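Here is my note on the model, point by point. Please read it with the structure open.

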Amino acid sequence: MKSTKAIVGAGVLASMLMLSSSVFAQTVGFSQIGSESGWRAAETTLTQQQAKERGIDLKFADAQQKQENQIKALRSFIAQGVDAILLAPVVATGWDSVLEEAKEADIPVILLDRMVDSSDDLYLTAVGSDLVHEGNVAGQWLVDELGGKDCNVVELQGTTGSSPAIDRKNGFEQAIKGHDNIKLIRSQTGDFTRTKGKEVMESFLKAEDGGKNICALYAHNDDMAVGAIQAIKEAGLKPGEDILVVSIDAVPDIFQAMAAGEANATVELTPNMAGPAFDALAAYTKDGTMPPKFIQTESKLYTKDDDPMKVYEEKKDLGY
Ligand code: GZL
């Protein structure tokens, strides 16, 4: 009797689990910025993996860095009647009307890795790092590394108008404020890409006596730093020594550069924003649990003292 009961019990449990997962098996629209950096590629890979593991039908739209393409994608998701939308907003402004449309259609929106200036009643939650803190950690590393030594710094900013470009700049400037030995002498967008990072660094080097007048580079992401490292080497200088290199993301390639002595520090940004996002969505769908408006991911500093090749091996197959 007992074994029969056990079998019936297991069958009931299995069907309950099936029901529960099918109840939450949803169609989610994901408007991704593009594939401007290794970090962005990893975020896309991990989001697709997370959706698959959770039985979520993910409709993916790559905006090629254009806000108008993201807005078009959101309107298409709304017309299709998706259950929820993930949005990594390329810039911070210009989202009010399309977010209002999603709200009117009763479709929850979750922001990934960047913020919008819209009112927070227009999105369910935002998953991301404290971008000001990231800039602060990078700036504080440089202050500590210099120990009072005079240093002219150049800055490669992220995409103009994006929340990481605005906040990482502010955070870095907060950290170096009051340290008169550190001067930010040039700052320009490299649009988060290796190509543009290299190009802009080449212009900085030309403008600053072949780079002799530059002591450090702060790049808002590792991809621009990797491009800039190439430019520094082509100018006959040693990145990581003649010009210190500090950046953000902690992608595998920056650890290879660190192991070669060509980069000095990076601040980690997890590419797994979708995990916390889908968890919040499942709780909200199940019983209306309202998540906090901001789900913060951690920011860890890595330097060449952290066994960079070991970290590279841990990260190299994560989809960057
Ligand atoms: C930051 C994220 C940034 C990454 C870049 O949260 O939006 O966008 O740091 C990416 O690599 O382009």
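1. Is Gly34 buried or exposed? Gly34 is buried, because its relative accessibility is 3% (buried means under 20% relative accessible area, exposed over 50%, partly exposed in between, with a 1.4 Å probe and protein chains only). Gly34 sits in the loop between strand S1 (27-32) and helix H2 (38-53). Helices (H or I, at least four residues) and strands (E, at least two) are DSSP runs, numbered from the N terminus. Beyond its neighbours within four places in sequence, Gly34 has contacts with Arg40, Asp62, Gln64 and Gln65 (contact means heavy atoms within 4.5 Å).

2. A word on the basis. This is a predicted model, where local features need pLDDT of at least 70 and side-chain atom pairs count only at pLDDT 80 or more, while totals for chains, interfaces and linings use all residues. Residues are numbered from 1 along each chain as its sequence is written, and side-chain values use heavy atoms, leaving out hydrogens and water.

3. The sheet is open and has 6 strands, in the order S2-S1-S3-S4-S5-S11, with parallel pairing (two strands pair if DSSP finds at least two bridges between them). Strand S2 (57-62) and strand S11 (294-297) are at the edges; each has a single partner strand, so one side of each lacks a neighbour in the sheet. S11 pairs with strand S5 (residues 125-129) over 4 bridges, in the parallel sense. Ser129 stands opposite Thr297 in S11.

4. Check Asp222, in helix H8 (residues 222-234). Asp222 is buried but has no salt bridge (a side-chain nitrogen of Lys or Arg within 4 Å of a carboxyl oxygen of Asp or Glu). The nearest side chain of opposite charge is Lys315, 7.6 Å away (Lys and Arg count as positive, Asp and Glu as negative; His and the chain ends are not counted).

5. The salt bridges come to 22. Lys103 pairs with Asp121, with the closest N and O atoms 3.1 Å apart. Lys103 is in helix H4 (residues 96-104) and Asp121 in the loop between strand S4 (109-112) and S5, so the pair ties together parts 18 residues apart in sequence.

6. Asp113 and Arg114 form a salt bridge at 3.8 Å. Both are buried. Glu36, Arg40, Glu43, Asp113 and Arg114 are linked in a salt-bridge network.
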